[in-house]
Amino acid sequence: MDLTSKVAAQPGAAPIEGLPDAWHWSRVIFNFDAVLTPDHTHLLEMRVMGRYDAALAQAVLAFAREHSTAITDSGRPLVALGGFTCPGWEFDTIAAVGPGVHDNHAQDDADLHKATWTLFPGYRCEFSGTETEEEAVHLFRLALQPTKLDRERVPFLRMRYDNTRTQSHSTGPDRGIAPLSVLLNELSLLEGAPGSWVEWENRVGEIFKAQADPATGLSLHTAAGERGVTGEELLDLAEQSVVHAGEGA
């Protein structure tokens, strides 16, 4: 497949000066930037909706091209590459998702879709490196808003819970992807709900479990052991465990 011809034929596509085998084009509210891997077997593409920065887009493409084998040979649905920097932006990671996750070019060119990895800048705290394809789809399509440059960080979190008072609970035996706000809300509901519990996992695989006991109150279980906590302590510890997971490692 001649990827060069396919990409160059995108309506309005123009070569990006200073970056080999790279093009930019726009359509309605989207800006598109794409670069071929050095072996010309894959396309690394970034799509931005709304506010756009050409310098950031080109930095993303250059970084991804330099680390392209780590993306295309990973065997993973989502790859997060740390060490990225761009003046004026706080992004520190470039993420790439494969054709099992994104739908770029799926409707108009199945072969191009299969050859494309979609890029977006992100933050270290948003990825674990262990995402399943189902989780990668959820993050890409629902949680992270990958086409928006002006977005808040969304720390990686898996959780499950059961509350005896509200009768609210997670589904199934496994921890599922959730936003931090859900974790903090469920933890705030533990007091006064004996037998209730909340279990969560951060991006580096640390597991925590908070429980409500009618005799001893709230307790927190970690790899280091178990201890009693107040509701305020629990919320602060939980937020720190998710937002700052792996820092200094």
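The answer below treats the salt bridges and then the surrounding strands and helices.

A: The structure is a predicted model. A search of the whole of it finds 11 salt bridges. Several of these belong to a network, in which E135, R158, R160, R175, E199 and E201 are linked by salt bridges.

The side chains of E199 and R160 meet in a salt bridge, with an N to O distance of 2.8 Å. This pair links distant parts of the chain: E199 belongs to strand β10 (residues 197-201) and R160 to strand β8 (residues 158-162), and the two are 39 residues apart. A salt bridge also joins E199 to R175, where the closest N and O atoms are 2.7 Å apart. R175 lies in the loop between β8 and β9 (176-177) while E199 is in strand β10, so this pair ties together parts that are 24 residues apart in sequence.

Are these two partners buried or exposed, or something in between? E199 has a relative accessible area of 10%; because the limit for a buried residue is under 20%, E199 is buried. R175, at 25% relative accessibility, lies above that limit and therefore counts as partly exposed.

The side chains of K6 and D109 meet with an N to O distance of 2.6 Å. Here too distant parts of the chain are linked, since K6 is in helix α1 (residues 3-8) and D109 is in the loop between β6 (93-97) and α4 (110-115), 103 residues apart.

An open sheet of seven strands has the order β1-β2-β3-β4-β7-β6-β5, with mixed pairing. Its edge strands are β1 (14-15) and β5 (78-82), each of which pairs on one side only. β6 and strand β7 (residues 116-122) pair in the antiparallel sense over five bridges, and V97 stands opposite T118 in β7. Helix α2 (residues 54-66) lies across β2 (22-27), β3 (30-36), β4 (43-49), β5, β6 and β7, and runs at about 25 degrees to β3.

In strand β2 of this sheet one finds R27. This arginine counts as partly exposed, at 37% relative accessibility. Leaving aside neighbours within four places in sequence, R27 is in contact with Q10, P11 and F32. R27 and E232 are 205 residues apart in sequence, and their C-alpha atoms are 49 Å apart in space.

The axes of helix α6 (residues 180-188) and helix α7 (residues 231-243) come within 10 Å and cross at roughly 160 degrees. Angles over 145 degrees count as roughly antiparallel, and α6 and α7 therefore fall into that class. The crossing of α6 past α7 is right-handed. On the α6 side the contact is made by L180, L183, L184, L187 and S188, and on the α7 side by L234, L235, A238, E239, V242 and V243.

Key
Residues are numbered from 1 along each chain as its sequence is written. This is a predicted model: local features need pLDDT of at least 70, side-chain atom pairs count only at pLDDT 80 or more; totals for chains, interfaces and linings use all residues. Side-chain values use heavy atoms; hydrogens and water are left out. A salt bridge is a side-chain nitrogen of Lys or Arg within 4 Å of a carboxyl oxygen of Asp or Glu. Helices (H or I, at least four residues) and strands (E, at least two) are DSSP runs, numbered from the N terminus. Buried means under 20% relative accessible area, exposed over 50%, partly exposed in between (1.4 Å probe, protein chains only). Two strands pair if DSSP finds at least two bridges between them. Contact means heavy atoms within 4.5 Å. Axes are lines fitted to C-alpha atoms, for helices over the stretch in contact, and angles run from 0 to 180 degrees between N-to-C directions. Angles under 35 degrees count as roughly parallel, over 145 as roughly antiparallel, 65 to 115 as roughly perpendicular and the rest as oblique. A crossing is left-handed if the near helix is turned anticlockwise from the far one by less than a right angle, and right-handed if clockwise.
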